[in-house]
Amino acid sequence: MTDRNDRNDRDSDLPEVEILGPDGQPRTPLPEGKGIVLARQVYPRVLPIVDLDARPLFPGFRAPLLVERGPARAAVGLALESSDRLIGLVLRRRRDPAAGPDAPLDPDDLHRVGVVAEILQAAPAGDGGAMQLLVHARDRIRIRDWVRLQPAPVAEVEYLLEDAPPETDEVKAWLLAIVNALKELVKLEPLHKEELRLFTAQTSLSDPGRLADFAAALTSADGEQLQEILETVPILKRLEKVLRLLKKEIEISALQVEINRQVEQTISRRQREFFLREQLKAIKRELGLEKDEKEAEIERLRERLERIDPPEEARRRIEEELDKLALLEPAAPEFAVTRGYLDWLTSLPWGVHTEDVFDLDRARRILDRDHYGLDDVKDRILEFLGTGRMTGTIAGSIILFVGPPGVGKTSIGRSIAEAIGRKFFRFSVGGMRDEAEIKGHRRTYIGAMPGKFIQAIRSCGSANPVIMLDEVDKIGASYLGDPASALLEVLDPEQNREFLDHYLDVRFDLSQVLFICTANVLDTIPRPLLDRMERIRLPGYVLEEKLQIARRHLLPRQLRAHGVTRRQVTLTTGALREIIDGWAREPGVRGLEQQIRRVIRKAVRRIVEGRARTVRVDRGDVAEWLGRRLFVDDRALREPVPGVVTGLAWTPLGGDTLAIEARAVRTGQAGFRQTGQLGDVMVESSQIAYTLVRSLFDADPERSRFFAEHAIHLHVPAGATPKDGPSAGITMATALWSLATGRAVRRRLAMTGELTLTGRVLAVGGIKEKLIAARRAGVRRVILPEANREDVAEVPEALRRGIEPVFVERFEQVLDAALPARTPRRAAAQSGASGRSKGKTAARAPST
C-alpha cells in the first residue's frame with residue numbers, strides 16, 4: 001500500500017486512469033490527499049505493450065519471458081526506464097511466419113484483453129539484444145487505444161479489477177466443483193501436485209477469481225481457449241468455463257494414463273520375458289546344457305575342423321581366426337567378416353577325394369547312352385581313361401573340346417564325370433573380364449568372395465571334381481585384369497598344386513581336378529593357355545547321325561516337355577529327314593531340336609483345341625508345319641555351268657560349301673577383279689590362280705587372246721560374309737579354266753586345296769568338317785590334296801560313305817578329275833609347259 005501522493009512523477013502530466021469494477025462501472029476515487037489506496041488503483045493510464053505467442057498470462061502468476069529484438073524489446077526498455085517497471089502483456093492472434101522480430105506491430109493481430117505485469121528481474125540473453133525477464137502478472141487490462149506503435153508500442157488501457165466475491169451458495173458450489181476437479185486431476189497428473197501446494201500456500205482456495213485463473217492455467221488448453229477465460233471478468237461465468245476446461249483435461253489425462261499403462265504393461269512383459277530368458281540361458285550354461293551364440297558358433301566351427309584334414313598352413317590360419325573370433329563381440333562388424341572367412345575355410349573339402357572308377361566298359365556304355373556317333377571322340381576319351389587306369393590317376397589333365405555350337409561339348413564333359421564317378425561343376429568364362437572371378441577378391445573389400453574355382457570345390461564337396469570351363473575362347477580382358485592370364489596358374493599342373501586364392505589367402509591343391517574346356521575356335525585362345533590343353537575336335541554331325549540323335553534323344557525329350565506321348569504325336573523318319581535337310585543343316589543339333597519343338601507345339605495345340613486326338617507328321621507335311629525351307633540344294637552342284645565350281649570351306653560353325661563364280665567381259669584389254677568380301681590371303685590365292693591359268697594357255701593363241709581381250713570377274717557369293725584362307729586356290733583356278741574353255745565341271749563335285757604358282761597342290765586343314773559339309777550337300781566326288789590322304793583316312797567310314805575322294809598333287813590332275821573325260825587334260829597342259837621350256841611349238845590346248 002502507498003499514499004496517493006507517492007505516484008511516479010513520470011505520469012504527473014497524464015490524466016487519471018479510469019478504474020473499472022467487476023460490473024464494468026467506474027470506481028469513485030477518493031478525494032485528493034484523503035485516506036489510503038492500493039497500489040493497483042494508481043496504475044498508469046498508458047503502458048508499453050509486449051505481445052505473447054503461445055498462451056496468455058493470468059493475474060497472480062510469475063513467469064519467465066524471453067523478449068527478442070524489435071518492438072517488444074523497445075517496449076521492455078521503456079518499462080525498465082520507469083520507476084514502476086510495468087508492461088502490458090497481450091496474446092497475439094497470429095504471427096506471419098515470414099515476418100522477423102523487427103517487423104512492426106499490427107494492432108489487428110493482438111487481442112484487446114491482457115494483463116499488466118511488473119518486471120521483477122531483467123538480464124541480457126545473448127549478443128543479439130534479447131532480454132530474459134521474470135514478470136509478475138497483476139490485473140487484467142483492456143486496450144482502449146494505441147498511443148504509438150514505433151519504436152516501442154504504447155497503448156492507453158483500462159484496468160478490469162475484481163471486488164471481493166459475494167459469498168453465496170452458488171459461488172461456494174462452483175468453488176467446490178473446481179476444487180474436486182483439481183483433486184481428480186492431481187491424481188491423474190502427479191506433476192500438478194507441487195503447483196497446487198504452492199498456490200494454496202500463497203492464496204486462499206476461497207478466492208474464486210484466483211482459483212479460476214489458477215485452474216485454467218493448469219490445463220493444457222490452447223491459447224484461444226485460455227484467452228476466452230482471461231476475457232471473462234464476471235466470476236460465475238468464468239467459473240463455469242474453467243470447470244468445462246478441467247473436465248476436458250481430466251478426460252485427456254485419464255486417456256493418457258491408460259495409454260501409458262498399456263505401454264508400460266507391454267514393456268514390462270517384454271522386459272520380464274527378456275530377463276527370464278537370460279536367466280534360463282545362464283542356468284543352462286551352468287548346467288552345461290546350452291552355450292551362447294558366440295560359443296555355439298565357435299564350437300560348430302571347431303567340429304568342422306575336426307572332420308577335415310587341412311594342411312598345416314590352413315590349420316594354423318583357422319586356429320588363429322578362431323582365437324580372434326573368441327575375443328570379438330557379436331555386434332562388432334569384424335565378427336561377421338571373421339565368421340564368414342572361417343565358414344569358407346572350414347567348409348572346403350580339405351583332403352576329401354572321390355574314388356575314381358576306371359571301368360572302360362561302363363564308360364563306353366555311358367558315352368553311347370548320352371551321345372550317338374562321335375566314335376573318334378569317344379575313342380580318345382577311352383584312351384585317356386585307360387591311361388588313368390594304368391597310372392591310377394588322371395591328375396593334371398586338361399581336355400579342350402573344340403567344335404561348332406550344338407555338337408555336345410558340354411554334355412560329353414558331364415558324361416565323363418559320371419563315367420569316372422566324380423562330381424561335376426560347370427561355369428562359363430565367356431565375357432569374363434575381371435581376374436577376381438578366377439582368383440577371388442581380397443577380404444578388405446565389402447562383399448568379398450573366393451573365386452569361381454574355390455566356389456566350385458566347395459559346391460562339389462570334393463577336392464577332385466570335374467570342372468568344365470565353357471566358352472574359353474570368348475574370355476575377355478579389361479582394366480580389372482586379364483582372366484586368361486589368371487587361368488594359367490589354375491590350369492598349369494606345375495602351379496595349381498599351390499593355388500592361392502586372394503580371399504582364402506592360404507594355398508589349396510587343385511592338381512587332382514580334371515579340367516575340361518570348350519571352345520568354338522582356337523584363334524582367340526592365348527597361345528600359352530592353349531599349349532597346356534589336349535585338344536579334341538568335334539566336327540559336327542551328318543544327316544544320318546542327326547536322324548538317330550533326333551529319334552533317340554531330341555524327340556523323346558520334347559515329347560516329355562510338352563506332356564504328350566509317341567501315340568499322340570508321331571514324327572516319321574521321312575519327316576525327320578526332311579526337317580534336317582531343309583531346316584537344320586548346321587553342324588550341331590540345337591537348330592534341329594528347335595524345329596522339332598515347333599512341330600510338337602503346333603501338334604499339341606491341335607490336340608488341346610479338339611481338332612485331333614492324334615497327330616502324325618510325314619515328309620510331305622513338314623513344309624505346311626514349318627513354312628519355307630531354310631536350306632536349298634546348290635544348283636551349281638546339280639547343274640554345273642562353265643565358270644562355276646563348288647569349293648569346300650571351314651568356318652567356326654563347321655564345314656560349308658562355297659560356290660565360286662567367274663565371268664568374262666569383253667573390254668579389249670586384260671583385267672582381273674575379285675568380289676565377295678575376300679580377305680588378303682584369299683585375294684592372293686585368286687591372283688595366283690589367274691596367273692597360273694594364263695600361263696598354261698601361253699601356247700594356245702585363241703585362249704591367250706581370250707584373256708588379253710576380256711576382263712575377268714571372280715566372285716564368291718554370300719557377299720555380306722567375310723571370307724579368307726588359302727584352301728580355295730584350286731577351286732578358283734578350275735573356275736577360270738572352265739570359263740576360258742567353256743566346259744563345265746562334273747556334277748556333284750567339290751574340291752579344296754592350296755595352289756602355288758608352279759601348279760603344286762598343298763595341304764589344307766579342316767578335312768573332316770569339309771567332308772561332313774560335302775556329304776550334307778550331296779557331293780559325290782571330292783578333290784583333295786595328296787598331303788591330306790592320312791587326314792581322310794582318320795575320318796570315320798560312316799562319314800566317308802558315298803563320297804569318292806580324289807587325291808592330287810598338281811593342278812593338271814585337278815583338271816583331269818574335275819572335267820568330264822573327252823581328251824586328256826593333263827597331256828595337253830604338260831605338252832604346253834614342255835614346249836615353252838624347250839622353245840618348241842606346244843600342242844594346242846583343247847577347245848570346247
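Trainee: Let's start with the sheet. Which residue of β13 stands opposite Phe-401?

Mentor: The general idea is that strands of a sheet pair through backbone hydrogen bonds, either parallel or antiparallel. Here Phe-401 has Thr-518 in β13 standing opposite. Before we go on, this is a predicted model, where local features need pLDDT of at least 70 and side-chain atom pairs count only at pLDDT 80 or more, while totals for chains, interfaces and linings use all residues. Residues are numbered from 1 along each chain as its sequence is written, and side-chain values use heavy atoms, with hydrogens and water left out.

Trainee: How many bridges join β8 to β13?

Mentor: Two strands count as paired if DSSP finds at least two bridges between them. Strand β8 (residues 398-402) and strand β13 (residues 514-519) run parallel and are joined by 5 bridges. As for the names, helices (H or I, at least four residues) and strands (E, at least two) are DSSP runs, numbered from the N terminus.

Trainee: In what order do the strands of the open sheet come?

Mentor: Read across, the 5 strands go β9-β10-β13-β8-β14, with parallel pairing. The edges are β9 (424-428) and β14 (534-537), each with a single partner strand, so one side of each has no neighbour in the sheet. From one strand to the next, the twist averages 20°.

Trainee: Which strands does helix α11 touch?

Mentor: Helix α11 (residues 375-391) packs on the sheet and touches β8, β13 and β14. Contact means heavy atoms within 4.5 Å. The direction of α11 makes about 150° with that of β14. For such angles, axes are lines fitted to C-alpha atoms, for helices over the stretch in contact, and the angles run from 0 to 180 degrees between N-to-C directions. Helix α14 (residues 452-460) lies across β9, β10 (466-470) and β13, and runs at about 150° to β9.

Trainee: Okay, salt bridges next. How many does the count come to?

Mentor: A salt bridge is a side-chain nitrogen of Lys or Arg within 4 Å of a carboxyl oxygen of Asp or Glu. By that rule you get 47 salt bridges. Take Glu-228 and Lys-241, whose closest N and O atoms are 3.3 Å apart. This pair links distant parts of the chain, with Glu-228 in helix α5 (residues 223-231) and Lys-241 in helix α6 (residues 235-287), 13 residues apart.

Trainee: Are those two residues buried, exposed or partly exposed?

Mentor: Buried means under 20% relative accessible area, exposed over 50%, and partly exposed in between (1.4 Å probe, protein chains only). Glu-228 is partly exposed at 42%, and Lys-241 is partly exposed at 25%. Another salt bridge joins Asp-531 to Arg-527, and both of those residues are exposed.

Trainee: What about Glu-578: where is the partner, Arg-629?

Mentor: Their closest N and O atoms are 2.7 Å apart. Glu-578 sits in helix α18 (residues 573-583), while Arg-629 is in the loop between α20 (622-626) and α21 (635-638), 51 residues apart. Glu-578 is buried at 13%, whereas Arg-629 is partly exposed at 23%. Salt bridges with shared partners join Glu-578, Asp-581, Arg-585, Arg-619 and Arg-629 into one network.

Trainee: Now Thr-572. Which residues is Thr-572 in contact with, leaving aside neighbours within four places in sequence?

Mentor: Those are Arg-616, Val-617, Asp-618 and Arg-619. Thr-572 lies in the loop between β15 (569-571) and α18, and is buried at 10%. The C-alpha atoms of Thr-572 and Asp-618 are 5.5 Å apart, though 46 residues separate them along the chain. Their side chains are joined by a polar contact of 3.0 Å. A polar contact is a pair of N or O atoms within 3.5 Å; within protein, one must be able to donate a hydrogen and the other to accept it, and residues adjacent in sequence count only if both atoms are side-chain atoms.

Trainee: And how much of the whole protein is buried?

Mentor: Buried residues make up 46% of the 848 residues. The secondary structure comes to 29 helices and 25 strands.
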